[in-house]
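Hi,

Here is the structure I said I would pass on. Have a look at it first, and then read my notes below.

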Amino acid sequence: MVSVVQNVAVDCADAYALARFWGAVTGGSVDAEPDDHETQVLLPTGLTLYFNQVPEPKRGKNRLHLCLRPETSRDAEVERLLALGATLVADRRNADGTGWAVLADTEGNEFCVLRSASDRAHSG
């Protein structure tokens, strides 16, 4: 017997706003209204991101985070996500095209942007 991952749950200060951010990041559909304290983003892959509004603020580094592999180039995706409101936490990109970027969403939750398939094909 095994367990199946139902969703990835994120505690947050504003469930609706964070769901809208992640819906724009992933292309997922947002199942939420502005005053909802629990929301979800249904990802095209079938996985659900679940956002639960809590009173306490985020403290410290995430112990669990999402790693994104973009359809476009890693660098173009980083720029798109920054325009959506993400912030750059750590730039682990290397001159030879390898590496990744660590970003934070609008509430400070860290996530990584990895190289795309085309990035990997061009740099090895």
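**What I found**

L49 counts as buried, at 2% relative accessibility (buried is under 20% relative accessible area, exposed is over 50%, and partly exposed lies in between, with a 1.4 Å probe and protein chains only). Before going on: this is a predicted model, where local features need pLDDT of at least 70 and side-chain atom pairs count only at pLDDT 80 or more, while totals for chains, interfaces and linings use all residues. Residues are numbered from 1 along each chain as its sequence is written, and side-chain values use heavy atoms, with hydrogens and water left out.

Not counting residues up to four places away in sequence, L49 touches V8, W22, T39, Q40, V41, L43 and L66 (contact means heavy atoms within 4.5 Å). R63 is 14 residues from L49 in sequence, and the two are 17 Å apart in space, C-alpha to C-alpha.

V102 is found in strand β7, residues 101-104, and is buried as well, with a relative accessible area of 14%. The contacts of V102, leaving aside neighbours within four places in sequence, are T87, L88, V89, A90, R92, E110, F111 and C112. One of these, L88, lies 14 residues from V102 along the chain, and their C-alpha atoms are separated by 6.2 Å.

D31 sits in strand β2, residues 29-31, and is partly exposed, with a relative accessible area of 45%. Once neighbours within four places in sequence are left aside, D31 is in contact with T39 and Q40. From D31 to R20, 11 residues apart along the chain, the C-alpha atoms are separated by 9.3 Å.

**The helix pair**

How do α1 and α2 pack, and at what angle? Helix α1 (residues 15-26) and helix α2 (residues 74-84) meet at an angle of about 155°, and their axes are 11 Å apart. For the geometry, axes are lines fitted to C-alpha atoms, for helices over the stretch in contact, and angles run from 0 to 180 degrees between N-to-C directions. α1 and α2 are therefore roughly antiparallel to each other (angles over 145 degrees count as roughly antiparallel, under 35 as roughly parallel, 65 to 115 as roughly perpendicular and the rest as oblique).

On the α1 side the contact is made by F21, A24 and V25, and on the α2 side by E77, R80, L81 and L84. Sorted by class, this contact has 5 nonpolar, no polar and 2 charged residues (Ala, Val, Leu, Ile, Met, Phe, Trp, Tyr, Cys and Pro count as nonpolar, Asp, Glu, Lys and Arg as charged, and the others, Gly among them, as polar).

**Salt bridges**

Side chains of opposite charge can pair when their charged atoms come close. How many salt bridges does a search of the whole structure find? The search gives 5 (a salt bridge is a side-chain nitrogen of Lys or Arg within 4 Å of a carboxyl oxygen of Asp or Glu).

One of them joins the side chains of K58 and E110, at 3.7 Å from N to O. This pair links distant parts of the chain, 52 residues apart: K58 is in the loop between β4 (48-53) and β5 (66-68), and E110 is in strand β8, residues 110-113. K58 is partly exposed, with a relative accessible area of 36%, whereas E110 is buried at 17%.

R74 forms a salt bridge with D75, and the closest N and O atoms are 3.0 Å apart. R74 counts as buried at 5% relative accessibility, while D75 is partly exposed at 37%.

D91 and R93 form another, with their closest N and O atoms 2.8 Å apart. D91 is partly exposed, with a relative accessible area of 42%, and R93 also counts as partly exposed, at 24%. Salt bridges that share partners join R74, D75, D91 and R93 into one network.

Cheers

Notes:
Helix = DSSP H or I, 4+ residues; strand = E, 2+ residues; numbered from the N terminus.
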